[in-house]
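Welcome! Please take a moment to look over the sequence and the model shown here before reading on.

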Amino acid sequence: MPAADVTFPDMNDFAYFAAVVRYGGFSAAGRMLGLPKSKLSRHISTLEERLGVRLIERTVHRFRVTEIGQSLYVYCENMLREVDRAAKAVSEANGEPQGPIRISVPTGLLEGALGGMLPEFLIRNPKVQLQILATDQRVDIINDRLDLAVRAQLAEETDSELTMRVLSKVDLILVANKELAKTLPRRCGIECLADVPTVSFTGAMAEWKDTDVWEFKGPDGTPYRHEHRPRMSCRSVPAILEAVHAGVGVGLLPDHVCAEGIREGSLVHLLPDYQMSQATIYLVFTASRGLPTAVRALVDFLVEQFRNFRPTTQASEAQTLPAAGSLPIADISQHRPRQGLQRQS
């Protein structure tokens, strides 16, 4: 085909359209892009005329993306993501990691383990820039145009469109501040939890729930579940930790998060002989092949760091409330459980 007969669409129109949808209107997109609202409107109109469809319904008081517009928006975001990758691939032709990496991290991890790891990665890779989104909300890797997301969940997730790499399994422990712990019997089993106030870490809330369930195993392997009504539910680990320190209630938290408080004596590890749940920390990204060099370097770095990451509470006997004490487990299991405490068969 002669070169004169080849025509290409203006890719900027697709980028402008994606921005208008992403930011929820022409004015907001114009502020983010540094362009006048009228110019953006002309580009969208040109794109609609070229495609022969209505992408956005707009009046003086209304802005609505049509169904076909929503479908096109997904393709536009994927296109922009691939453009970013292509640019990174070209800039990384010499093989040295460089360029920006966009990553989301839960606030608790950023203030803890990851907060100490990421500066070392930047020192090792001086041409890389990290753009970190600290959030406890679930992010959309594609629509939010992220390279990586770190997630911490009580249950591992699966998604056919994403690649997931487990970084670590974290033990959860039951903790209370020392004042609340003093109100509990020195020698106790799970029956101690029946009337104790609790605070609870929650996953992404699809709906509001008044109760939560903790599952764990006794020293003899007997499974238990404790259904309770938390005085406070939150997706932020630091917020739950602060509530525990304040004495609002007993909390089930990652052991390394509680380590300092236990060593200092401000927190007490309850029921240490009982095996609680585990949380999974993992990386999420869109593809395992074709990752930009910088992103691949960060993935490999985090895998290496978490392989050597072995958090421990280092709790002494003085900060530990024994489970069951001198009573045989068989005797405790014969006690009549109070409301909320269930021994599973």
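Keep in mind that the model is predicted.

**Helix α8**

- Start with helix α8 (residues 237-246), where Val237, Ile240, Leu241, Ala243 and Val244 are buried.
- In general, an α-helix has 3.6 residues a turn, so residues three or four places apart point the same way.
- Turn to the other side of α8 and you will find Glu242 and Ala246, which are exposed.
- The cover over the buried residues of α8 includes β6, β7 (198-201), β10 (232-234), β11, α9 and β12.
- The N-terminal end of α8 is capped by serine 236, which has a side-chain oxygen 3.3 Å from the backbone nitrogen of alanine 239.
- Just after α8 comes glycine 247, with a positive phi of about 90°.

**Helix α9**

- Next is helix α9 (residues 255-264), whose buried residues are Asp255, Cys258, Ala259, Gly261 and Ile262.
- Among the elements that cover these buried residues of α9 are β6 (163-177), α8, β11 (250-254) and β12 (267-270).
- Glycine 265 follows α9, and its phi is positive, near 95°.

- As background, most residues other than glycine have a negative phi.
- Which loop holds arginine 145? Arginine 145 sits in the loop between β4 (128-134) and β5 (148-153), and its phi is positive, near 55°.
- Leucine 271 also has a positive phi, near 50°, and belongs to the loop between β12 and β13 (278-285).
- Is leucine 271 buried or exposed? Leucine 271 counts as buried because its relative accessibility is 3%, and the cut-off for buried is under 20%.

**A nonpolar patch on the surface**

- Tyr23, Met32 and Leu33 make up a nonpolar surface patch, and together they have about 280 Å² of accessible area.
- Methionine 32, one of the patch residues, is located in helix α2 (residues 26-33).
- Methionine 32 counts as exposed because its relative accessible area is 54%, and exposed means over 50%.

Technical notes: Residues are numbered from 1 along each chain as its sequence is written. This is a predicted model: local features need pLDDT of at least 70, side-chain atom pairs count only at pLDDT 80 or more; totals for chains, interfaces and linings use all residues. Side-chain values use heavy atoms; hydrogens and water are left out. Patches are made of residues with over 30% relative accessible area and no salt bridge: like charges are joined within 9 Å, nonpolar side chains (Val, Leu, Ile, Met, Phe, Trp, Tyr) within 5 Å. Accessible areas come from the Shrake-Rupley method with a 1.4 Å probe; for residues, only the protein chains shown count as cover. A salt bridge is a side-chain nitrogen of Lys or Arg within 4 Å of a carboxyl oxygen of Asp or Glu. Helices (H or I, at least four residues) and strands (E, at least two) are DSSP runs, numbered from the N terminus. Buried means under 20% relative accessible area, exposed over 50%, partly exposed in between (1.4 Å probe, protein chains only). Contact means heavy atoms within 4.5 Å. A polar contact is a pair of N or O atoms within 3.5 Å; within protein, one must be able to donate a hydrogen and the other to accept it, and residues adjacent in sequence count only if both atoms are side-chain atoms.
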